[in-house]
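Please read the following report alongside the sequence and the coordinates.

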Amino acid sequence: MTTIITTTGLALPALLGHQLAAHIDRAGTPFGWGPWSLTEGRSTTFGIDAGCMRIRLVVDRLGSRRAASCGLI
């Protein structure tokens, strides 16, 4: 069974060594319900699942890396 996830988001310019991005994911099958967080390397993601919609805020510590481009995703 294949589930298609549609993502819409916004990545902000880097500021003081951090970059923020906000995403809204929509799927045909439910993600679940409730808040969650995930830390992978230098990135931390905070999210809320509400059935077939997921809202995510991603905080990325850049360190010596370059920032990703900013704009709409």
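In the hairpin of β3 and β4, two residues lie between the strands, and G41 there takes a positive phi near 60°. The model is a predicted one, in which local features need pLDDT of at least 70 and side-chain atom pairs count only at pLDDT 80 or more, while totals for chains, interfaces and linings use all residues. Residues are numbered from 1 along each chain as its sequence is written, and side-chain values use heavy atoms, with hydrogens and water left out.

The protein has zero helices and six strands, so that its elements, read from the N terminus, follow the order β-β-β-β-β-β. Helices (H or I, at least four residues) and strands (E, at least two) are DSSP runs, numbered from the N terminus.

| Strands | Sense | Bridges |
|---|---|---|
| β3 (residues 32–40) and β4 | antiparallel | nine |
| β4 and β5 | antiparallel | eight |
| β2 and β5 (residues 53–61) | antiparallel | nine |

Individual partners can be located within these pairings. W36 stands opposite G47 in β4. T44 has V59 in β5 as its bridge partner, and A50 stands opposite M53 in β5. The strands β4 and β5 themselves form a hairpin with one residue between them. For A21, the bridge partner in β5 is V58.

T45 belongs to strand β4 (residues 43–51) and, at 12% relative accessibility, counts as buried; here buried means under 20% relative accessible area, exposed over 50%, and partly exposed in between, for a 1.4 Å probe and protein chains only. Leaving aside residues up to four places away in sequence, T45 touches W36, S37, L38, R56, L57 and V58, where a contact means heavy atoms within 4.5 Å. The C-alpha atoms of T45 and V59 are separated by 6.3 Å, although the two residues are 14 residues apart along the chain.

D60, in strand β5, is likewise buried, with a relative accessible area of 16%. Its side chain makes a polar contact with the side chain of S43 at 3.1 Å; such a contact is a pair of N or O atoms within 3.5 Å, of which, within protein, one must be able to donate a hydrogen and the other to accept it, and residues adjacent in sequence count only if both atoms are side-chain atoms.

Most residues other than glycine have a negative phi. L16, which is not a glycine, has a positive phi of about 55°.

Of the 73 residues of the protein, 19% count as buried. The accessible surface comes to about 5300 Å², of which 63% belongs to carbon and sulfur atoms, as computed by the Shrake-Rupley method with a 1.4 Å probe, only the protein chains shown counting as cover for residues. On this surface, L10, L12, L20, F46 and L57 make a nonpolar patch of about 400 Å². L20, in strand β2, is partly exposed, with a relative accessible area of 34%.

Definitions and conventions. Patch = residues over 30% accessible without salt bridge, like charges linked within 9 Å, V, L, I, M, F, W, Y side chains within 5 Å. Salt bridge = Lys/Arg side-chain N within 4 Å of Asp/Glu carboxyl O. Pairing = 2+ DSSP bridges.
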